[in-house]
Amino acid sequence: MKRAIPPEVRAICYARDNESCQWKDCGLSKKNGDRLNLHHIVPEQFGGTEDPSNLITLCEIHHKQMHVEFHAFYPDSKRIIQRMGYLTKLSLSKLRLVMRVDDGFDLTPYLYFLTRKTNFRPGQLN
């Protein structure tokens, strides 16, 4: 059975991590209304404790990325996928600005930038 992280420990970890996801270059934070989770560095089943030194703050997206098996148990996976879609669109918008490409639906320049390929199979550009 999964042990609950005491509220005092949760508060210590969130304060230590500035209420932000600790994944490199992730900008999600509690201050922006994003949901955060505490991740066990050493899993409970391998002796990991609820001590702040064994916990790290992650957003839902990156926490689930650390636990692929969670997708079968979390009823809100659809919301996470929607959030990931939103972040992808946001990244593409920034990429469009950097590359000075219009906001049309032609993704070929972006795909070339990411993959260095110019030919794609049917359906890959949709």
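Predicted model: local features only at pLDDT ≥ 70, side-chain atom pairs only at ≥ 80, totals over all residues.
Mentor: Residues are numbered from 1 along each chain as its sequence is written, and side-chain values use heavy atoms, leaving out hydrogens and water.

Trainee: Happy to start with H39. In which strand is H39 found?

Mentor: Helices (H or I, at least four residues) and strands (E, at least two) are DSSP runs, numbered from the N terminus. On that basis, H39 belongs to residues 36–40, which form strand 1.

Trainee: Is H39 buried or exposed?

Mentor: Buried means under 20% relative accessible area, exposed over 50%, and partly exposed in between (1.4 Å probe, protein chains only). H39 touches N54, L55, I56, L58, H63, M66 and H67, not counting residues up to four places away in sequence; contact means heavy atoms within 4.5 Å. Its relative accessible area is 8%, so H39 is buried.

Trainee: Which residues of strand 1 lie on the side with H39?

Mentor: In a regular strand the side chains alternate between the two faces of the sheet. Here L36, L38 and H40 are buried on one side, and both faces are covered. Five of the five residues are buried, so strand 1 is largely enclosed by the rest of the structure. The side you asked about holds N37 and H39.

Trainee: What is the bridge partner of H39 in strand 2?

Mentor: Two strands pair if DSSP finds at least two bridges between them. Strand 1 and strand 2 (residues 55–59) run antiparallel and are joined by five bridges. In strand 2, H39 is partnered with I56.

Trainee: Now the cysteines: how many disulfides does the count give?

Mentor: A disulfide is a pair of cysteine sulfur atoms within 2.5 Å. C26 is buried, with a relative accessible area of 18%, and C13 is buried too, at 0% relative accessibility. C26 is in no disulfide, as its nearest cysteine sulfur, that of C21, is 3.8 Å away. The count of disulfides is zero.

Trainee: Lastly, where is N18 found, and where does D25 lie?

Mentor: Phi is positive in both residues, neither of them glycine: near 55 degrees for N18 and near 65 degrees for D25. N18 counts as partly exposed at 47% relative accessibility, while D25 counts as exposed at 73%. N18 is found in the loop between helix 1 (7–16) and strand 1, and D25 also lies in the loop between helix 1 and strand 1.
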